[in-house]
Amino acid sequence: MHILVLLMGLMTAANAQTPAPQKGPARTIKMVVLGDSLSAGYGLPADAAFPVRLQKALEAKGIKVEMTNAGVSGDTASGGRERLDWSVAEGTDAVIVELGANDALRGIDPAVTRAALSDIITKLQARKIAVLLCGMLAPPNYGSEYAAKFNAIYPDLSKSLGVPLYPFFLDGVAANPKINQADGMHPTAEGVDIVVKNILPTVEAFLGALSGQRS
């Protein structure tokens, strides 16, 4: 009886000293920001562009990301669709779609913008690439009817295609002259940091869901 108790005690002590298995390093997520001048970093140093600042913010949270800035100044949603295949390389895990601001500025038919964004999302989904859609709001100069049709594009696509939505990319920055460049449309470096701070929880949740699906 005493020997059995002794053996059980030794086994308990051995188990207590056994270190827990260490998890391997988290896999680096390959992400592309497919956008226009707002994400390309128009008028800013390269290291102040949205994708660069977002990557740094994610890394500070312990999230490893290999980020590609596929922003093209002046691009419309249709332009993004045309260059999709070569802008988003094979092996990409996730794409943030930030397009539509130039469509709204030019008064492009919202049906055209909607179709282009829908095509982008469905093509990425067919490639098993996760998508986060960033919304945009139309300026008031084309009237309330145009704005209503344009603004509805993003929540509608988010719902119908099952992708997460960040409702307004320039939330907290738009129309504030202190954090926009002289043109009144493009954020300063400080403005980009505010965009990143505001969108970060949404991106974290997006990547967390992605990691859960692929773990």
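User: How many helices and strands does the secondary structure of the protein come to?
Analyst: The protein has ten helices and five strands. Helices (H or I, at least four residues) and strands (E, at least two) are DSSP runs, numbered from the N terminus. The model is predicted: local features need pLDDT of at least 70, side-chain atom pairs count only at pLDDT 80 or more, and totals for chains, interfaces and linings use all residues. Residues are numbered from 1 along each chain as its sequence is written, and side-chain values use heavy atoms, with hydrogens and water left out.

User: Why are helix 7 and helix 8 called roughly parallel to each other?
Analyst: Helix 7 (residues 110-126) and helix 8 (residues 143-151) pack at an angle of about 10 degrees, with axes 9 Å apart. Axes are lines fitted to C-alpha atoms, for helices over the stretch in contact, and angles run from 0 to 180 degrees between N-to-C directions. Angles under 35 degrees count as roughly parallel, over 145 as roughly antiparallel, 65 to 115 as roughly perpendicular and the rest as oblique. Helix 7 and helix 8 are therefore roughly parallel.

User: Which residues of helix 7 and helix 8 meet?
Analyst: P110, T113 and R114 of helix 7 meet Y146, K149 and F150 of helix 8, where contact means heavy atoms within 4.5 Å. By class, this contact of helix 7 with helix 8 has three nonpolar, one polar and two charged residues. Ala, Val, Leu, Ile, Met, Phe, Trp, Tyr, Cys and Pro count as nonpolar, Asp, Glu, Lys and Arg as charged, and the others, Gly among them, as polar.

User: What makes helix 8 and helix 9 roughly parallel?
Analyst: Their axes cross at roughly 25 degrees and come within 5 Å. Helix 8 and helix 9 are therefore roughly parallel to each other. K149, F150 and N151 of helix 8 make the contact with I153, Y154 and P155 of helix 9.

User: Why is I153 called buried?
Analyst: Buried means under 20% relative accessible area, exposed over 50%, partly exposed in between (1.4 Å probe, protein chains only). I153 has a relative accessible area of 0%, so I153 is buried. I153 lies in helix 9 (residues 153-161). Leaving aside neighbours within four places in sequence, I153 is in contact with P110, T113, R114 and L117. The C-alpha atoms of I153 and T113 are separated by 8.0 Å, with the two residues 40 residues apart along the chain.

User: Why is the pair of Y142 and Y146 called tilted?
Analyst: Rings of Phe, Tyr and Trp (its six-membered ring) pair if their centres lie within 6.5 Å; planes under 30 degrees apart count as stacked, over 60 as edge-to-face and the rest as tilted. A search of the whole structure finds four aromatic pairs. The rings of Y142 and Y146 have centres 5.3 Å apart and planes at 45 degrees, so the pair is tilted. F150 and Y154 form an edge-to-face pair, with 5.9 Å centre to centre and 65 degrees between the planes. Y142, Y146, F150 and Y154 form one aromatic cluster.

User: How do you know which of Y142 and Y146 is buried or partly exposed?
Analyst: Y142 has a relative accessible area of 36%, so Y142 is partly exposed. Y146 has 12%, so Y146 is buried.

User: What makes F150 and Y154 count as buried?
Analyst: F150 has 0% relative accessibility and therefore counts as buried. Y154 has 1% relative accessibility and therefore counts as buried. In the protein, buried residues make up 44% of the 215 residues.
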